[in-house]
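These are my notebook entries on a structure that I looked through element by element. I set down each point in the order in which I looked it up.

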Number of protein chains: 2
Amino acid sequence: MSAPGRFSLNQATIKYASLTEAVDATVAAGIPSIGLWREPVAEFGLAASAAYVRDAGLRVSSLCRGGFLTGDHAAALDENRRAIEETAALGAPALVLVVGGLPAGSRDLVGARERVRDALGELTADARAAGIQLAIEPLHPMYVADRAVVSTLGQALDIAEQFDARDVGVVVDTFHVFWDPDVLPQIARAGASGRIASYQVCDWNLPIATDALLSRGYPGDGFIDFESLTRAVAAAGYEGDVECEIFRQDIWDAPYGEVVGTSLARYRELVEPYLS
Amino acid sequence: MSAPGRFSLNQATIKYASLTEAVDATVAAGIPSIGLWREPVAEFGLAASAAYVRDAGLRVSSLCRGGFLTGDHAAALDENRRAIEETAALGAPALVLVVGGLPAGSRDLVGARERVRDALGELTADARAAGIQLAIEPLHPMYVADRAVVSTLGQALDIAEQFDARDVGVVVDTFHVFWDPDVLPQIARAGASGRIASYQVCDWNLPIATDALLSRGYPGDGFIDFESLTRAVAAAGYEGDVECEIFRQDIWDAPYGEVVGTSLARYRELVEPYLS
C-alpha cells in the first residue's frame, strides 16, 4: 500500500467537527479510513452516518467507545450492547472499550477489575453475533482511579485471553503504553494471539495538561519513540489501520484541514516507515 | 511498639520548615523518626544536622535523595557518592534514589534504563563501605519522561536483584505503585529478598495538580486502599519505619504542627492497624 494506505484519522483529533465535516476532511486529505465516535454518529443519525461514510469510500477503523463496565452492571450492559450494534452498522471491525475507573466511593481496584471481566463475559456473545471485536484499551496509569482500572497491555491481555480472540482484543495506543518496561514483549504476545484490534498513535507531551486527558500531541512533539513501538506492532503481524487520535486543546482549536494534514505528515514521517 | 512507634515524618511534607523546625515539630508530636532531605540538611550543615537529630532522639528513616543517573555519568556518580556519605553521617539506613528521566533530546527509554543499572554498579561499593542501602524508587509512570525511567516495583526489583540486597533495595511508595495490577506479588518478592528499604504512604488525589508532582494528599483523602498495601508490606517482613511523604501546595502552606498532627492521625487510622 502507499504511504497513507493504512492511515486512519480518529475523529476525536478534530473533536469539534460534525460527522460530515470529519468525513469530508478525511477524504479531502486522501486518507482512506476514519475512526468514529458514538456521539457525533448519534447526532447525525446511525444509518445516515453509515451511508455517508460508505458513500465517501472510507473504511471505519474503529468505533469509540464502549466500556465503563465498573459501575451499574445492567446499565453498562445495555449501553455496550447498543455500542456493539452501532459498530456493526458502521462496518467497523472493533469497538474500543475504556473499561471504567473505581466505582463511586470505592478503593477496591481488584474488585473493579473483576467487574470488567464479568461484564465482558456477558457481552462476548453479542460481539460474536455482530461480527465485531471488543477492544480493551489499557489506559495510562494516571487514569486508573477515574477512567480505566486496566493500565497495562499485559493486564488487558490477561483479561482478553479468558475469551476467544475473535471476540476480545486489545488496543495498543502509544500514549498509554510507551512507558511500560514490558511493552514490547506484550505487543508480541497480543499479536501472536490475534488480539491487536487497533493501533493508535499520538505523543506524550509535558507538562501534563490541567485536564490530564488533553496531554497528547502530534507524533514527534513529545517523548515517544514511534520506531520501536511501530516495529513491534508490525512484527506482531498487525495489518490493520493506524489511527491518529489526539486530545489536545490547541489542536482542537486549529482548522480541521491543517490538523488532518499535520497528522498525516507525522504518520508518514514517524510511523509508516516502520510498518513493513 | 505503640501506634506512632514506626511512624516517620518525611521532611518534604512540611517543605518550608528548616531542619531544626522539622525536627522540633516531629519531636513535639511524639514521633520517633524523620525522613530527611539533602537540601535542608546542607543548609544547616551536615554535622550540625546529624547532631541536632541525634540530640533530639530521633531515628533518621531515610535520606532523600540521590539518583538522576541517566544524564552526565561522571557528575551523577560524584553527586551520589556525596549523598551516600551524607546518608551514613546522618545514621539513615537508606538513600532514596529517583533514577532520572530521559536524557535531553532522547526518546530511548531502554537505553536510559541501562544507564541506571550501569551507574548503580559503580555505586554499590560506596554504599557497602558506608553501610547504607541504595533504594530505587519506582515513580508513577506519569513521570517516566522527566523524572524516573523506572516505573514499577517489578522493574525496580529486576534492576536491584542484579546486586547484593545489602547494597540495593527498593522504595514502596503507595502513590507511585497503588495502580499496578502486579503490586501485591511484587511487594512479596521485594520482602522475600530483603529489599524493602522504605515504605512511604500518601494518597492519590484527583484532579492531577497543575504541577503533577503535587498531586499527593493525606492518606484517606484520595483513592488508595492502604489496608491491602500495608498488609502486603507487613506480610513481606518489613519492620522499618513508615514515612508519610506528601508534596501538596495547600499542605505546604498550612502550619507545621497541624500538618504533622494530621499525618500522624491518618497513619494511626489507616496504616498502623495493618502493620502487624
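This is a predicted model: local features need pLDDT of at least 70, side-chain atom pairs count only at pLDDT 80 or more; totals for chains, interfaces and linings use all residues.

**Entry 1: the axis and the contact.**

I looked up the make-up of the contact next. Chain A gives 24 residues to it and chain B gives 24 residues.

**Entry 2: the barrel of chain A.** I traced the sheet of chain A and found eight strands that close into a barrel, in the order E1-E2-E3-E4-E5-E6-E7-E10, with parallel pairing. From one strand to the next, the twist averages 30°. Helix H11 (residues 256-270) of chain A packs on this sheet, where it touches strand E1 (7-10), E7 and E10 of chain A. The direction of H11 makes about 140° with that of E1(A).

I followed the pairings around E10(A). Strand E7 (residues 196-201) of chain A is joined to strand E10 (residues 242-244) of chain A by three bridges, and the two run parallel. Within E10(A), A:Glu243 stands opposite A:Gln200. E10(A) also pairs with E1(A) in the parallel sense, over three bridges, and there A:Val242 is the bridge partner of A:Phe7.

On to E1(A) and strand E2 (residues 33-37) of chain A: I count a parallel pairing over three bridges, in which A:Leu9 has A:Ile34 of E2(A) as its bridge partner. I also looked up which way the residues of E1(A) point. A:Phe7 and A:Leu9 point one way, A:Ser8 and A:Asn10 the other way, and all are buried.

**Entry 3: helix H6 of chain A.** How many of the eight residues of helix H6 (residues 153-160) of chain A are buried? I find six, and the helix is mostly covered. They are A:Leu153, A:Gln155, A:Ala156, A:Leu157, A:Ile159 and A:Ala160. These buried residues pack against helix H5 (109-130), strand E5 (133-136), strand E6 (168-173), helix H7 (174-177) and helix H8 (183-192) of chain A.

Entry 4: Strand E2 (residues 33-37) and strand E3 (residues 59-67) of chain B pair in the parallel sense over five bridges; B:Leu36 has B:Leu63 as its partner in E3(B).

I looked for the largest nonpolar core and found one of 194 residues. A:Ile136, A:Val170, B:Ile136 and B:Val170 have the most contacts inside it. Leaving aside neighbours within four places in sequence, I list among the contacts of B:Val170 the residues B:Ile136, B:Leu153, B:Ala156, B:Leu157 and B:Ala160.

**Entry 5: B:Glu137.** I place B:Glu137 in the loop between strand E5 (133-136) and helix H6 (153-160) of chain B. Is this residue buried or exposed? It counts as buried, because it has 26 C-beta neighbours inside 10 Å. Beyond four places in sequence, B:Glu137 is in contact with B:Val96, B:Leu97, B:Val98, B:Val171 and B:Asp173.

**Entry 6: backbone geometry.** I checked the peptide bonds and found a cis bond from A:Cys64 to A:Arg65, with omega near -10°. A:Arg65 is found in strand E3 (residues 59-67) of chain A. In chain B, the bond from B:Cys64 to B:Arg65 is cis, with omega near -10°.

A:Phe68 has phi near 50°, a positive value in a residue other than glycine. I place A:Phe68 in the loop between E3 and helix H4 (73-89) of chain A. A:Phe68 counts as buried because it has 20 C-beta neighbours inside 10 Å. For B:Phe68, I likewise read a phi near 50°.

Key
Residues are numbered from 1 along each chain as its sequence is written. Chains are lettered from A and ligands numbered from 1 in the order in which they are written. Two residues are in contact if their C-beta atoms, placed from the backbone, lie within 7 Å. Helices (H or I, at least four residues) and strands (E, at least two) are DSSP runs, numbered from the N terminus. A residue is buried if 20 or more other C-beta atoms lie within 10 Å of its own, exposed if 12 or fewer, and partly exposed in between; C-beta atoms are placed from the backbone. Two strands pair if DSSP finds at least two bridges between them. Axes are lines fitted to C-alpha atoms, for helices over the stretch in contact, and angles run from 0 to 180 degrees between N-to-C directions. A nonpolar core is a set of buried Ala, Val, Leu, Ile, Met, Phe, Trp, Tyr and Cys residues joined through C-beta atoms within 7 Å.
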